[in-house]
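This report describes one protein model, with attention to its sheet, its hairpin and its charged side-chain pairs. Please keep the sequence and the structure in view while reading.

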Amino acid sequence: MSNEEKEVSSSDDKPCSKESEKSSTPPVTSCESSDVPDAVAASTQDTPTLTTNNTTTHTASHEDKPHTQSEGLPSGEAVSFKLVYNKTKYDIEFPLDGTVKQLKEHLSSIINVLPAMQKVMIKGLAKDEKTLKELGVTRGSKVMVVGSKLDDVVNVNTPKTEGAAAEKPNTTTTSKEPLCRQKLHRKIIDKGVPEDAMPGIKNSKDVLPSYPLSGMLNKHGGKVRLTFKLELDQIWIGTKERTEKINMNHIRQIVSEAIEGYEQYHIMGLQLGPTEASRYWLYWVPAQYVDAIRDTVLGKW
């Protein structure tokens, strides 16, 4: 090869070499074909899945994010406590500034009970708007929840629904004379308020106390004591002779009515079967606990 040809060849190679050295991308030079833009575009489209580590980390973080940090919950200090439901214990961590309503939503996927069917017990029945901090929940505290799974409620209520049309005339008390005037109840009411009856408060609502409700009478005039075993989802009806342990989801209905002349007390019927004949009657129930008994047994809907 002559000297002139060598010089020409050398000068033709240099621009390509310099462009390769200056470029930070893989060796793409002006000497390559016109398909280069398509190759670069394809490389750019692949970039997010190959090189954007920040995006990948964020996605994993969102999926693995603890439930206590979900949207709508306070992001402050959390507390670890023991949850007891249906004799099973769970370790729960939840923000102290979270409300009972938010806690119910958090627990629904854990215990498989809808929030509306849960009753949270923290030193008594906890109100939805209260926070865990306000209720005094601390590390290691024990919180109880009672409530029936949706399938259980459907199974219990299905016979009642089917027979509702036939039972409705019998369960409606507005078309009848007041309960306290009916012969069935008069024999108990006429004896007056028992000496050991708990004080009643007219037009008042209160949560259930931590101790049993006592001083009431049954249809035979015997002393009755109600104990709410929330950890078992049961209500115990105690008399001098025996104690009946009744699952709360077996109670179909609760009827109650203030006693004329003694409005601080109620007559209450716990319906244990499909008809009125299965009602267990209680007399001299303190009026301030009537709503709490109904909500505890039947739940809020």
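Is Lys 104 buried or exposed? In this predicted model, Lys 104 is buried, with a relative accessible area of 10%.

**Lys 104 and its surroundings**

Lys 104 is found in helix α4, and leaving aside residues up to four places away in sequence, Lys 104 touches Pro 115, Gln 118, Val 120 and Asp 128. With Asp 128 the side chain of Lys 104 makes a polar contact, side chain to side chain, at 2.8 Å. The pair also forms a salt bridge, in which the closest N and O atoms are 2.8 Å apart. Because Asp 128 lies in the loop between β3 and β4 while Lys 104 lies in helix α4, the pair ties together parts that are 24 residues apart in sequence. Asp 128 is partly exposed, with a relative accessible area of 31%, whereas Lys 104 is buried.

**The sheet and the helix across it**

Helix α4, which spans residues 100–111, lies across β1, β2, β3 and β4 (142–146), and runs at about 135° to β2. An open sheet is formed by 4 strands in the order β2-β1-β4-β3, with mixed pairing. Since β2 (88–95) and β3 (119–121) stand at the edges with a single partner strand each, one side of each is left without a neighbour in the sheet. From one strand to the next, the twist averages 30°. Strand β1 (residues 78–85) is joined to β2 by 8 bridges, and these two strands run antiparallel; within this part of the model, Lys 82 stands opposite Asp 91 in β2. As background, strands of a sheet pair through backbone hydrogen bonds, either parallel or antiparallel.

**Salt bridges**

| Asp 97 | Lys 133 | 3.4 Å |

Asp 97 forms its salt bridge with Lys 133. As Asp 97 lies in the loop between β2 and α4, and Lys 133 in the loop between β3 and β4, the pair ties together parts that are 36 residues apart in sequence. Asp 97 counts as partly exposed, at 38% relative accessibility.

Elsewhere, salt bridges that share partners join Lys 205, Asp 291 and Arg 294 into one network.

The bridge partner of Val 255 is Gly 269, in β10. The hairpin has 2 residues between the strands, and in this hairpin Gly 261 takes a positive phi near 85°.

Technical notes. Residues numbered from 1 in each chain as written. Predicted model: local features only at pLDDT ≥ 70, side-chain atom pairs only at ≥ 80, totals over all residues. Heavy atoms only, no water. Pairing = 2+ DSSP bridges. Axes fitted to C-alpha atoms, helices over the stretch in contact; angles between N-to-C directions. Contact = heavy atoms within 4.5 Å. Salt bridge = Lys/Arg side-chain N within 4 Å of Asp/Glu carboxyl O. Buried < 20%, exposed > 50% of the residue type's maximum accessible area, 1.4 Å probe, protein only. Polar contact = N/O pair within 3.5 Å; in protein donor to acceptor, adjacent residues only side chain to side chain.
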